[in-house]
Amino acid sequence: MEQIKKILQKRESQLQQLKKEKEKALTKAPEGGLRLCQHGDKIQYYHRNNPKDFNGVYIKEKDIELARRLAQKDYDRKVLSCAEKELNAISKFLVNCPDKSVEQIFENLH
């Protein structure tokens with residue numbers, strides 16, 4: 001049981017660090033979101049500043065860095081959400097985990 005706890009504590013530490021990194025990255029991310037549209041064999045990128053505006057503003061090829069940063073922002077949000085869920089599950093397990101395993105109880109019997 002101790003090995004499991006150590007592994008989970010190490011994972012918890014990694015996730016805490018990842019969470020800090022993604023939160024910091026999201027503060028520097030551009031406003032709005034990204035919409036992709038396939039036009040023939042090419043993909044077009046649109047910057048959506050207003051959630052009510054479904055289409056958005058076309059991102060020209062010279063401004064493709066904006067599309068990359070918006071895509072990264074979406075990825076960072078998803079990673080952050082997943083990391084928070086995993087941290088919550090690990091925390092609950094560690095709080096509710098018994099101090100001794102079944103095997104340790106048996107071994108301690110006289």
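The model is predicted, so local features need pLDDT of at least 70 and side-chain atom pairs count only at pLDDT 80 or more, while totals for chains, interfaces and linings use all residues. Residues are numbered from 1 along each chain as its sequence is written, and side-chain values use heavy atoms, with hydrogens and water left out. The structure holds 4 salt bridges (a side-chain nitrogen of Lys or Arg within 4 Å of a carboxyl oxygen of Asp or Glu).

**Helix 1**

- Helix 1 covers residues 2-28; helices here are DSSP runs of H or I with at least four residues, strands are runs of E with at least two, and both are numbered from the N terminus.
- The end C-alpha atoms of helix 1 are 40 Å apart, which agrees with the 39 Å that its 27 residues should span at 1.5 Å a residue (the expected span is 1.5 Å times one less than the number of residues).
- Lys5, Leu8, Leu15 and Lys22 are the buried residues of helix 1; buried means under 20% relative accessible area, exposed over 50%, and partly exposed in between, with a 1.4 Å probe and protein chains only.
- Helix 2 (64-96) is included in what covers these buried residues.

- Glu86 and Arg11 form a salt bridge, with their closest N and O atoms 2.7 Å apart.
- Because Glu86 sits in helix 2 and Arg11 in helix 1, this pair ties together parts that are 75 residues apart in sequence.
- Both partners count as partly exposed: Glu86 at 27% relative accessibility and Arg11 at 33%.
- Lys22 and Asp76 meet through their side chains in another salt bridge, at 2.9 Å from N to O.
- Here too the pair links distant parts of the chain, with Lys22 in helix 1 and Asp76 in helix 2, 54 residues apart.
- Lys22 is buried, with a relative accessible area of 14%, and Asp76 is buried, with 4%.

- Glu65 pairs with Arg68 in a salt bridge whose closest N and O atoms are 2.8 Å apart.
- Both residues lie in helix 2, 3 residues apart, which is about one turn of the helix.
- Glu65 is partly exposed at 41% relative accessibility, and Arg68 is partly exposed at 45%.

**Arg35, a buried arginine**

- Arg35 is found in strand 1 (residues 33-39).
- Arg35 is buried yet has no salt bridge, and Asp53, the nearest side chain of opposite charge, is 7.4 Å away (Lys and Arg count as positive, Asp and Glu as negative; His and the chain ends are not counted).
- A polar atom of the Arg35 side chain lies 3.2 Å from the backbone oxygen of Phe54.
- The backbone oxygen of Asn55 lies 3.0 Å from a polar atom of the Arg35 side chain.
- Leaving aside neighbours within four places in sequence, Arg35 is in contact (heavy atoms within 4.5 Å) with Gln44, Tyr45, Tyr46, Arg48, Phe54 and Asn55.

**The aromatic pair**

- The rings of Tyr46 and Tyr58 have centres 5.7 Å apart and planes at 65°, so the pair is edge-to-face; planes under 30 degrees apart count as stacked, over 60 as edge-to-face and the rest as tilted.
- Tyr46 in strand 2 (residues 42-48) and Tyr58 in strand 3 (residues 57-58) are 12 residues apart, and their pair links distant parts of the chain.
- Tyr46 counts as buried at 15% relative accessibility, whereas Tyr58 is partly exposed at 43%.

Methods
Polar contact = N/O pair within 3.5 Å; in protein donor to acceptor, adjacent residues only side chain to side chain. Phe/Tyr/Trp six-rings, centres within 6.5 Å; stacked < 30°, edge-to-face > 60°.
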